[in-house]
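Subject: Structure handover

Hello,

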Amino acid sequence: MCGIVCYVGPRDTKSVLIEGLKQLEYRGYDSAGIAVQHGNQIACHRAVGKIVELEKKLAGLDITGESGIAHTRWATHGAPTEENAHPHRDEKENVFVIHNGIIENYHTLRKRLQQEGVHFRSETDTEVLAHLIAHYYDGSLSEAVRKTMGQVEGTFGIAVIHRNEPGRVVVARRGSPLIIGLSDGSRFAASDVSAMVRYTNQVIHLQDNELAVLTKDDVSISTAQAVSVKRDVETVEWRGEDIELSGFPHFMLKEIYEQPNTIENAMRGRLEPAEGVPKLGGIMPVWDRLKDCRHLVIVACGTSFYAGCVGRYVFEKLTEIDVQVELASEFRYRKLNFPHNTFILALSQSGETADTLAAIKEAKRKGASLLGIVNVVGSSIARETDAGVYNHAGPEIGVASTKIFTSQLTILTLLALLLGRHQNLSLTDGVEAIRALKQVPEQIKAIFAQANHIEAIAENYYHCSNWLFLGRKYNYPIAMEGALKLKEISYIHAEGYPAGEMKHGPIALVNPEMPTVAIVPQDDMYEKMISNIQEVKSRRGPVIAIATQGDAKIRELVDEVIEVPPTLSFLNPLLTVIPCQLLAYYCAKFLNRDIDQPRNLAKSVTVE
Ligand code: F6R
């Protein structure tokens with residue numbers, strides 16, 4: 001969704017800001033803008049569409065300055081027009097502001113300002129901030145921002161410059177991420193660390209209701225109540241090359257191919273093979289309560305939710321814990337009634353998904369303990385939870401989540417194993433599970449060896465406008481995830497169904513034009529899946545099977561087979577999801593879609 005980049009220092013401000021915006025493109029946006037300050041001159045330009053449109057406007061202009069702010073906007077209040085794009089400014093063009101989040105009382109504030117004679121140029125909620133800051137300005141931008149913070153309700157990450165305060169950027173946050181970057185003689189701020197990781201890995205996570213004043217060699221942080229605070233400088237582990245394509249045509253393909261590594265990273269230093277017990281240092285602060293937990297609620301959205309759905313089956317297999325999986329956007333409005341010692345586990349790549357964050361805050365209010373499996377270190381969900389485990393998977397840039405899904409499955413399995421081994425799971429089963437988990441990265445490489453075959457299947461079927469994905473038990477969530485991947489990047493309509501439900505409706509759709517992807521590894525659901533495949537075939541529906549290597553029987557039945565190596569039944573999803581990701585990728589490629597930035601989608605969904 002919206003992205004913020006700020007810079008103060010001796011570099012070419014315009015280039016730093018534009019490069020930073022490009023690193024945020026993956027978040028999804030529909031317009032972009034920049035304001036660069038030199039002395040008391042501020043050059044502000046905005047454009048609808050991609051950043052390249054903004055670059056066209058800037059081409060040939062001599063824009064230099066010691067500081068600046070830049071923004072990508074994902075429209076919420078008002079259409080994606082140039083007038084609605086950020087930065088927004090006050091009437092005298094002294095104050096320029098960019099904003100992520102939503103000002104909930106903007107309507108009241110706008111009316112009040114209009115009654116005072118202020119003329120608005122846009123339909124956005126953000127513009128009220130520019131007018132309020134100008135209204136309160138009395139020689140100190142930070143004080144004007146602080147007073148404005150006291151007036152607004154809702155969420156914001158903002159960055160502001162003022163004509164009279166060259167070389168200074170004021171940033172503030174409440175509910176929307178803002179990270180400050182430090183390098184020699186330069187200060188950065190951004191809504192996402194990837195916008196600055198090229199220049200520095202030294203960061204400060206601004207906290208809610210804090211404000212920071214950035215100059216080229218200083219950062220001073222204070223609360224909304226003007227109490228000065230000291231925040232630790234942290235080192236981020238993401239590297240410059242993590243945000244490069246490194247020879248791949250798309251980030252999505254790069255991230256699919258990173259999975260053997262990201263699964264290794266999720267396990268690194270966390271396995272004790274001889275004991276059959278993982279070590280998860282991040283959950284130790286709550287271990288005394290967690291080890292006796294009998295009720296776990298997993299909350300998440302989208303692909304992370306499907307990882308949670310696999311997790312439920314894995315926990316049921318390995319532990320005595322009763323697991324509930326909930327869509328965060330629904331869970332938060334339910335009447336929450338937990339048994340004693342319930343843990344809520346949030347799954348989130350970004351750590352900023354508004355619904356997941358709101359759901360865990362609500363659960364905390366009701367007395368639950370919070371765990372998180374999060375990729376972005378220092379993100380809001382990571383900070384809100386009592387304890388948790390990081391994915392250590394590096395940035396996921398492709399909008400369609402791939403490597404984080406398998407990383408989440410790996411960590412969920414480790415967590416289930418750890419708890420299971422403290423309950424009834426035997427040493428033999430624990431050792432066996434760890435042995436099988438360690439083989440997964442190599443097994444995924446064996447699936448990559450079939451990439452050409454998967455591409456050829458996609459070429460045969462990408463013209464079909466409806467697809468069905470079927471699976472049972474561990475692979476039912478993979479059917480849903482496979483359908484989601486296909487629809488979000490290729491725009492082909494796809495349904496993911498538990499195969500047993502097919503007869504209760506979707507079978508009516510089966511015809512020679514609708515491919516069914518059947519996820520049918522040799523597990524305890526195999527024979528049932530074979531019956532479902534036969535039902536599709538007898539209605540002349542083409543079937544693409546994702547099956548266990550060497551399964552001769554399935555070849556007799558279906559049109560296409562993609563093989564996955566044999567593993568323990570509860571680990572199959574780590575393998576069966578890979579062909580689904582590649583099928584979606586190649587269909588989207590044949591349809592010439594914008595794979596890394598599919599239409600209407602945002603990587604980090606920070607509005608409800
Ligand atoms: C789909 C996808 C989304 C996210 C969802 C949750 O490919 O990426 O469905 O999984 O928006 O995001 P996080 O995991 O950041 O909370």
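Below are the ground rules, then the findings.

This is a predicted model, where local features need pLDDT of at least 70, side-chain atom pairs count only at pLDDT 80 or more, and totals for chains, interfaces and linings use all residues. Residues are numbered from 1 along each chain as its sequence is written, and side-chain values use heavy atoms, with hydrogens and water left out.

Overall fold. The chain has 19 helices and 27 strands. These are DSSP runs, numbered from the N terminus: helices are H or I with at least four residues, strands are E with at least two. The radius of gyration is 25 Å, close to the 25 Å from the globule rule for 608 residues, so the chain is as compact as a globular protein of that length. That radius is taken over C-alpha atoms, and the rule is 2.2 Å times the number of residues to the power 0.38. Along its principal axes the C-alpha trace spans about 80 × 55 × 45 Å.

Domains. There is domain 1 (2–242), domain 2 (248–445) and domain 3 (449–595). The bounds come from an automatic or database domain assignment. The C-alpha centres of domain 1 and domain 3 are 45 Å apart.

Cores. Buried residues make up 62% of the chain. Buried means under 20% relative accessible area, exposed over 50%, partly exposed in between (1.4 Å probe, protein chains only). A nonpolar core is a set of buried Ala, Val, Leu, Ile, Met, Phe, Trp, Tyr and Cys residues joined through side-chain atoms within 4.5 Å. The largest one has 95 residues; Ile283 and Trp467 are among those with the most contacts inside it. Helix 19 (residues 572–590) gives the most to this core, twelve residues. Domain 2 and domain 3 each supply at least three residues to this core. A second, separate core of 33 residues includes Tyr199 and Val203.

Arginine 472. Its place is the loop between strand 23 (466–471) and helix 16 (476–490). Arginine 472 is buried yet has no salt bridge (a side-chain nitrogen of Lys or Arg within 4 Å of a carboxyl oxygen of Asp or Glu). The nearest side chain of opposite charge, glutamate 535, is 6.7 Å away. Lys and Arg count as positive, Asp and Glu as negative; His and the chain ends are not counted.

Backbone. The peptide bond from histidine 86 to proline 87 is cis, with omega near 0°. Asparagine 341 has a positive phi of about 55° although it is not a glycine.

Best regards
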